Amino acid sequence: MSWFLLVATAGYLACIPLAARLFYGIQRRQIISLEGGEHSDPVGYFETHDRPGVAAAAVAAGLLWPLTVPVYAVGRLVVVAVTARPRRSSYERRLHSRQVHERILELEEGLGIPADDPDRDRTRL
């Protein structure tokens with residue numbers, strides 16, 4: 001029983017810096033991308049203003065990683081499930097097909113392939 005407790009404690013302690021680093025990176029990326037348009041140097045602004053608070057929050061998340069990691073994972077799964085792109089409607093499929101066909105014709109014209117070339121296979125369009 002004491003070996004199990006020792007291994008469990010060592011595993012918990014080993015995951016603290018990994019989880020803290022993960023959450024620090026996530027928060028840093030979000031803050032820099034959200035404040036990117038407001039400041040001429042968003043990374044410099046983050047380093048001078050937001051870094052201490054983000055580091056403290058990351059350490060807290062690292063200490064509570066058995067709770068924060070599953071909650072974060074479930075949150076990401078929910079976001080992916082809710083915002084997943086639905087199947088295209090028939091209108092969207094026709095529109096996309098028309099755009100692809102027009103782009104193919106444009107590229108063929110750019111390459112100098114005549115539109116009435118009998119060797120071209122039109123059944124694939």
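Start by selecting Tyr72, which touches Phe23 and Ile26 once residues up to four places away in sequence are set aside; contact here means heavy atoms within 4.5 Å. Tyr72 sits in helix 3. Helices are DSSP runs (H or I, at least four residues), numbered from the N terminus. Its relative accessible area is 31%, so Tyr72 counts as partly exposed. On that scale, buried is under 20% relative accessible area, exposed is over 50%, and partly exposed is in between (1.4 Å probe, protein chains only). Now draw a distance from Tyr72 to Gly53: they are 19 residues apart along the chain, and their C-alpha atoms are separated by 19 Å.

A quick word on what you're looking at: this is a predicted model, where local features need pLDDT of at least 70, side-chain atom pairs count only at pLDDT 80 or more, and totals for chains, interfaces and linings use all residues. Residues are numbered from 1 along each chain as its sequence is written, and side-chain values use heavy atoms, with hydrogens and water left out.

**Next stop: helix 1 against helix 3**

Select residues 2-34 for helix 1 and 65-83 for helix 3; the two pack at an angle of about 45 degrees, with their axes 10 Å apart. Axes are lines fitted to C-alpha atoms, for helices over the stretch in contact, and angles run from 0 to 180 degrees between N-to-C directions. Helix 1 and helix 3 are therefore oblique to each other. The cut-offs: angles under 35 degrees are roughly parallel, over 145 roughly antiparallel, 65 to 115 roughly perpendicular, and the rest oblique. Show side chains for the contact: helix 1 supplies Gly11, Tyr12, Cys15, Ile16, Ala19, Phe23 and Ile26, while helix 3 supplies Trp65, Pro66, Thr68, Val69 and Tyr72. Colour them by class and you get ten nonpolar, two polar and no charged residues. Here Ala, Val, Leu, Ile, Met, Phe, Trp, Tyr, Cys and Pro count as nonpolar, Asp, Glu, Lys and Arg as charged, and the others, Gly among them, as polar.

**Then helix 2 against helix 3**

These two pack at an angle of about 100 degrees, and the axes of helix 2 and helix 3 are 5 Å apart. That makes helix 2 roughly perpendicular to helix 3. Pick out Ala61, Gly62 and Leu63 in helix 2, which meet Trp65, Pro66 and Thr68 in helix 3. This contact has four nonpolar, two polar and no charged residues.

**Over to helix 1 and helix 2**

Here the angle is about 145 degrees, and the axes of helix 1 and helix 2 are 8 Å apart. Colouring by class gives 18 nonpolar, two polar and four charged residues in the contact of helix 1 with helix 2.

Zoom in on Gln27, found in helix 1. Gln27 is partly exposed, at a relative accessible area of 26%. Leaving out residues up to four places away in sequence, Gln27 touches Val54, Ala57 and Ala58. Click on Ala58 next: beyond its neighbours within four places in sequence, Ala58 is in contact with Ala20, Phe23, Tyr24 and Gln27.

**Last stop: the core**

Select Tyr24, Ile32, Phe46, Val54 and Ala58, the five residues of the largest nonpolar core. Such a core is a set of buried Ala, Val, Leu, Ile, Met, Phe, Trp, Tyr and Cys residues joined through side-chain atoms within 4.5 Å. Helix 1 and helix 2 (42-63) are the elements giving two or more residues to this core, and helix 2 gives the most, with three residues.
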